[in-house]
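These are my notebook entries on a structure I looked up. I begin with the backbone and then turn to the helices.

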Amino acid sequence: MSDPTAANDAIAAIEVVPLTARVGAEIRGIRLDGNLSDATIQSINQVLLKHKVVFFRGQEHLDDSEHELFARRLGDLVPHPTQGPIAGTASILNLDSSRGGGRADQWHTDVTFVDAYPKFSVLRGVVIPVAGGDTIWSNTHAVYESLPAPLKLLAENLWAIHSNVYDYAAVRPRASAEERKHFEEVFTSTVYETEHPVVRVHPETGERSLLLGNFVQRFVGLSKSDSSKLYELFQSYVTAPENTVRWRWQAGDVAIWDNRATQHYAVNDYGSEQRIVRRATVDGDVPVSVDGRRSVTHVKSAKSTAKAA
C-alpha cells in the first residue's frame with residue numbers, strides 16, 4: 001500500500017514549478033531512472049495527476065533501456081497497437097520527422113481508437129530542431145469545467161466513435177508521400193473502431209474530462225455533418241490558450257502526461273530539420289461515463305479482412 005506521508009515528503013524534497021495555472025509543471029531535482037524510491041515515484045504520480053503534464057530537463061543519461069525501466073515504474077508498458085516498438089524494447093515508439101508518421105500535428109489523445117488506451121505517455125527528446133518543434137498540451141478536465149452548463153449536459157450524454165481509419169489526405173493535405181504510405185500501410189494495418197463517452201470519469205481523481213481528439217469520426221446518433229459541427233465547437237474549448245501549455249524541447253528532456261485528461265499537438269514548424277522523440281506508454285483502463293457505462297471496441301480486424309468484408 002502506498003504511503004501518502006512518504007509521497008508528501010518526497011514532493012517537499014523536489015522542486016515543482018507550475019508553468020500555467022491550469023496545466024503543466026516542471027519538476028526539478030530528480031534524475032530519472034528505474035531505481036527511484038517508491039515515495040519519489042508516488043510523488044511524481046501525484047504531481048502528474050494535479051498538473052496533467054510534467055517536464056524534466058537534463059535527462060541525457062537515458063537511453064531506450066533506461067527510458068523503459070523508468071516508465072515501467074509508472075505501470076505496465078504496452079506497445080502501439082499497429083506500430084511495432086524499437087527492437088529490444090517493450091513499448092518504445094520512435095517518432096522521426098524524416099520518416100512516415102513522425103509529425104503528429106493534429107490535436108489528439110494517444111490511441112483512443114482502442115478501448116483501454118494508454119494511461120500515461122513518457123516522451124523523451126532525442127534530436128531536437130534548432131528552432132521550432134514545440135508540443136502543446138491541453139487539460140481536458142479544465143476544458144470540461146470551462147463549458148457552459150448546457151454544453152456540459154450535452155457532452156455528458158454524448159458518445160463518440162473513434163477510429164484509426166479516417167480521411168488522412170483531408171486532415172493532412174501537405175503530408176509527404178512517405179507519410180501517406182506510412183498511414184496506409186502501417187498506422188491502419190489493423191482497423192479499430194471504439195465507442196467512448198465524450199465525458200469520462202478519471203479512475204484516480206474522480207474528475208470529469210472531455211474525451212475527443214482527431215480519432216473521433218462521429219457522434220453516436222448524429223449525422224456526419226452534425227457531428228463535425230459539434231466536434232469543432234467542443235474542440236474550440238480544448239484549443240483555447242488558457243487551457244494549454246507549450247513546451248520548448250531540448251535534447252534530453254522528458255515529458256510525461258496523463259493521457260486520460262489531456263490532448264496534445266506537435267507543432268510542425270521546423271521545415272526540413274530532423275526531429276526525433278521516443279515514447280514509452282503505460283497501459284490504461286477502459287473509460288467509464290458519468291452514468292457508469294464503459295467504452296467498447298466494436299471493430300478490430302486486419303485491414304485486408306476489413307476490405308474484403
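Where is the place of K52? I find K52 in the loop between α2 and β3 (53-56); helices (H or I, at least four residues) and strands (E, at least two) are DSSP runs, numbered from the N terminus. I note that this is a predicted model, in which local features need pLDDT of at least 70, side-chain atom pairs count only at pLDDT 80 or more, and totals for chains, interfaces and linings use all residues. Residues are numbered from 1 along each chain as its sequence is written, and side-chain values use heavy atoms, with hydrogens and water left out.

Entry 1: I looked up phi of K52, which is near 75 degrees, a positive value in a residue other than glycine. K52 counts as buried because its relative accessibility is 2% (buried means under 20% relative accessible area, exposed over 50%, partly exposed in between, with a 1.4 Å probe and protein chains only). I then turned to V111, which is not a glycine and yet has a positive phi of about 60 degrees. V111 is in the loop between β4 (93-96) and β5, and with 5% relative accessibility V111 counts as buried.

G29 is in the loop between β2 (25-28) and α2. G29 has 75% relative accessibility and therefore counts as exposed. From C-alpha to C-alpha, I read 8.8 Å between G29 and F56, which are 27 residues apart in sequence.

**Entry 2: helix α3.** Which residues of α3 (residues 64-72) are buried? I list D64, H67, E68, F70 and A71. These residues lie on the same side of α3, because they cover an arc of only 160 degrees around the axis (the arc is that of the directions from the helix axis to the C-beta atoms). An α-helix has 3.6 residues a turn, so residues three or four places apart point the same way. The cover over the buried residues of α3 includes α2 (38-51), β5 (120-127), β13 (254-258) and β15 (276-282), by contact, meaning heavy atoms within 4.5 Å.

**Entry 3: helices α5 and α8.** I looked up the packing of α5 (residues 149-156) on α8 (residues 224-238): the angle is about 120 degrees and the axes are 12 Å apart. Axes are lines fitted to C-alpha atoms, for helices over the stretch in contact, and angles run from 0 to 180 degrees between N-to-C directions. That makes α5 oblique to α8 (under 35 degrees is roughly parallel, over 145 roughly antiparallel, 65 to 115 roughly perpendicular, the rest oblique). On the α5 side I record L151, L154 and A155, which meet L230, L233, F234 and Y237 in α8.
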